[in-house]
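Please examine the sequence and the model displayed below. The paragraphs after them lead from the whole chain to particular sites.

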Amino acid sequence: WSRIDIEDIMLMHSSRDQGKIGNGLVDMAAKYLGVPDWKGPVWEMVNHENQRRKKMRQPMTATLADIPFPVVAEMNGKDVYYTMRLYDYFRKELPPRKVYADLLIPATKALAQVELNGLGADRRYHEAIHGAVEKKMWELLTAMRYHPAVRGVEAAQVGPPIFSPTSPIHLEHLLIETDITVNSKTDKAAVNVNGVVVQRSKLDKTMLVELAEVHPVWKAVKAYRDYANLISKFIRPYGEHIAADGRIHCRYNVCKVEASGFESGADQSGGADSGRLAALDPALHNLKKEPILQIMFRPKDGYAAAIHDYGHGEPRIAGWFSQCPNLIKACMEGDLYKAMAAIIWKTRQEIVTDGQRDLAKIGVLAGVLYEEGVENFSQRNKIPRHEAENFFRMARRMFPELVEFKHMIVEAARNG
């Protein structure tokens, strides 16, 4: 431990029990020290004060500053006390580990510097692309409203009075107005579009892509929704977080915090659901490969910006280290995920469906390497549970070395 100049009990705990319990202070104190929630009652006082202000028609801006000082001081004192007790417990119970000492702590230091430096952003360019995308959305919506099918939706007087490409009820009626029939069965829907049959569980993103290829109105609907997604998930959040220095200082998190009690509603840092590194405020790690977005970020004078893409990094690295013949073979093909699907379903790549490719892309790593639960995988990919179970079974049978490698890594991490 002497070579580590900073300590973090959340990272200490995450390196041992990642994903098994929240890394929040209250959760850890409850599990390891048997301590009841000491923060919840204080935050209940804050909520009570906000409710009082609401009745008085005053702004609901109460914070800890509005709570008697002795109460807040006691809560902060317990924070420090239980943090030190947990630190002592982890040092005795958990031996020094490479994951913690050689990976998480150095990563924390590096990411703290990245947060401080931030990423330069062109505010004027951001405002320009925001306006340009909104203009395209308006043009698409205006053009759609002249189409007889959209007029039929508005005449039906269901949902909003003006056609909205994001309204589920409007899209259901648009299927009818464009003569597209959906025949629901037990767990799938057969969509017949001009003789083209598409099997899907619901009107989802994949179906919209296929509908856009055979009908002009649905092509416009998809384009509108793509632009709306671009604004809500990327353009607007990026603009809201450009600081006074013209840079975006997002927060990087290397462990997941799933706090309970008061912490679930407080401003808590948390990594991705899988426990991987994530960025918050805004989520820069999800930056789309859209030139109009990438151009917004500008390097400091004297520096250059570079864009790096690992190109299927996770499956390639997993294939190399596990020396899994089937995964290595797939990595040598032009379309990695189509090759993986062909191996799983024992078929030729040219007849692999988009649905099979999508499952291979998401499922091999999630189900085999990260061991995502069947129920969660089923819901996330909108497929029946028995299909998810069958996919996991086939994938693990075709990539057994990957399963073995994963177990070896877990044991190595647990044993230091």
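This is a predicted model: local features need pLDDT of at least 70, side-chain atom pairs count only at pLDDT 80 or more; totals for chains, interfaces and linings use all residues.

Residues are numbered from 1 along each chain as its sequence is written, and side-chain values use heavy atoms, with hydrogens and water left out.

The chain contains 18 helices and seven strands; helices (H or I, at least four residues) and strands (E, at least two) are DSSP runs, numbered from the N terminus. Of its 416 residues, 39% are buried, where buried means under 20% relative accessible area, exposed over 50%, and partly exposed in between (1.4 Å probe, protein chains only). Among contacts (heavy atoms within 4.5 Å) with a separation of 6 or more, 57% join residues 24 or more positions apart.

In soluble globular proteins, nonpolar side chains tend to be buried together. A nonpolar core is taken here as a set of buried Ala, Val, Leu, Ile, Met, Phe, Trp, Tyr and Cys residues joined through side-chain atoms within 4.5 Å. The largest such core has 36 residues, and M144, F163, L174, W218 and V221 have the most contacts inside it. At least two residues of this core come from each of helix 6 (123–145), helix 7 (148–155), helix 8 (168–177), helix 9 (205–212) and helix 10 (216–240). Helix 10 gives the most, with eleven residues. Apart from this core lies another, of 32 residues, which includes A342, A360, V374 and F405. Returning to F163, its contacts, not counting residues up to four places away in sequence, are L141, M144, V150, V153, E154, H170, L171, L174 and V221.

At the start of helix 14, a side-chain oxygen of D335 comes to within 3.3 Å of the backbone nitrogen of Y337. After the helix comes K346, with a positive phi near 55°.

Helix 2 is likewise mostly covered, with seven of its nine residues buried: L25, V26, D27, M28, A29, Y32 and L33. G34 follows helix 2 and has a positive phi, near 70°.

Not counting residues up to four places away in sequence, W38 touches L25, V26, A29, M75, K78, D79 and Y82. The C-alpha atoms of W38 and M75 are separated by 6.7 Å, although the two residues are 37 apart along the chain. The side chains of W38 and D79 make a polar contact at 2.8 Å; such a contact is a pair of N or O atoms within 3.5 Å, and within protein one must be able to donate a hydrogen and the other to accept it, while residues adjacent in sequence count only if both atoms are side-chain atoms.Finally, W38 and Y82 form a tilted aromatic pair, 4.7 Å centre to centre with 50° between the planes. Rings of Phe, Tyr and Trp (its six-membered ring) pair if their centres lie within 6.5 Å; planes under 30 degrees apart count as stacked, over 60 as edge-to-face and the rest as tilted.
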